[in-house]
Amino acid sequence: MKNTKQIMEKYDKYVLNTYKRIPMSIVKAKGSWVWDAEGKKYLDFFPGWAVSGLGHCHPRVVKAVREQAEKLLHVSNNYFSPAQAALAEKIIQSSFKGKVFFANSGAEANEAAIKLARAYGNAVKNNAFEIITMFKSFHGRTLATIAATGQDKVKKGFDPIPVGFKHVPFNDIDALKKEITDKTAAIMFEPVQGEGGINIATKEYMAAVRKLCDEQKILLILDEVQTGMGRSGKIFAYQHYGITPDAMTLAKSLGGGLPIGACVVKEEFTGFLKPGMHASTFGGSPIVCAASLAVFEAIEKDKLLVNANKMGKYFYGELKKLQKKYPIIKNIKQMALMIGVELGKEGDAIVSECLANRLLINCTQGNILRIMPAVIVTKKEINTAIMILDKALKNNA
Ligand SMILES: Cc1ncc(COP(=O)(O)O)c(C=O)c1O
């Protein structure tokens, strides 16, 4: 099976068709670059839907995985794993005092947080069970997480949707206050909505939600599946706001390319999920924990937060220059390397033109170009992306 056409034929025959796929097969990658089955090289500014936030096949991750693979791939969660213990310690030392539950994906990390909220409401809030989330949010594709997601498109065809979720407009504290009742167990949102179009929580909103949660004994759950692990310029995006959540969910970049999810629970709420109440067969296996420890090591030792901030600023400046040239760019939304370029029209043609010119980016919500380069990105790579974007904008203005 050598070329994309042959691979696509096998998909047609054997793989369930649940994705809108790009007619391209990536077979090799390194850093910010990927190669297709025909040997063509592309600059990847949307690496693995934010999974390869450290860049593809980072040498530290590859080395850690190789070494761990020689020793132990998997062990059941009924035993104590040194790699899992070390990773939990690292996550807690990098965030807030508490404990970690390990899963395999963002949706599963959110499921754990949802179950924590239910267990908490059940135990101390007279069976409060409702969770308020935001319109345009995205929390995953399991039944509970599509119920949590504030977008109808993910729920279509799956009635009845699990009950217990309400949605409010993002960054609107009055709307949120109106929906709180004695049944509210938690408020859950992304500090920066990714799929929703790079919508950034304001400092005032975050502070007001934290205050509200404290006053009303409601859990504040932040979904950092997309924002976590340095992309925002801090290891976790909530750290820009001077607050701490009661629970935080992680996945995507956490594993440096391997599947891992985590639900981080603040110390005072750790007792609500007791032995037997939640589990995952694969969650936090030695191999993914070793990879994740290498991600933390790379971010720290290679000073990648400094790079994310520096490159984010540089990229923003270059995009601003493009905005002056092309009024079709209405707004640039950015937190370090999480960038949304809002267009006055649909963005698919621009994404396709970038692809034809060997740059991979994404378009969300119809008109927001979502650009999320790896935290190892260089100025030279940004310049290449800007050149390709310039051409695509010129041809589609
Ligand atoms: C903010 C956020 N939460 C949850 C998820 C779901 O993660 P997964 O696809 O790993 O289940 C995503 C995926 O895009 C996400 O962006």
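How many residues of domain 1 are in contact with how many residues of domain 2? The legends below take up this question after a look at the whole chain.

**View 1. The whole chain, a predicted model.** This is a predicted model, in which local features need pLDDT of at least 70 and side-chain atom pairs count only at pLDDT 80 or more, while totals for chains, interfaces and linings use all residues. Residues are numbered from 1 along each chain as its sequence is written. The chain holds 11 helices and 17 strands, where helices (H or I, at least four residues) and strands (E, at least two) are DSSP runs numbered from the N terminus. Along its principal axes, the C-alpha trace spans about 60 × 55 × 45 Å.

**View 2. The two domains.** The domain assignment, which is automatic or taken from a database, gives domain 1 (4–58 + 303–395) and domain 2 (72–301). The C-alpha centres of domain 1 and domain 2 lie 26 Å apart.

**View 3. Where the domains meet.** In answer to the opening question, 26 residues of domain 1 are in contact with 23 residues of domain 2, two residues being in contact if their C-beta atoms, placed from the backbone, lie within 7 Å. On the side of domain 1 that touches domain 2, the elements giving two or more residues are α9 (304–325), β13 (329–335), β14 (338–343) and β17 (368–371). The largest share of that side, 5 residues, comes from α9.

**View 4. Residue types on the domain 1 side.** The residues of the side of domain 1 that touches domain 2 divide into 14 nonpolar, 10 polar and 2 charged, with Ala, Val, Leu, Ile, Met, Phe, Trp, Tyr, Cys and Pro counted as nonpolar, Asp, Glu, Lys and Arg as charged, and the others, Gly among them, as polar.
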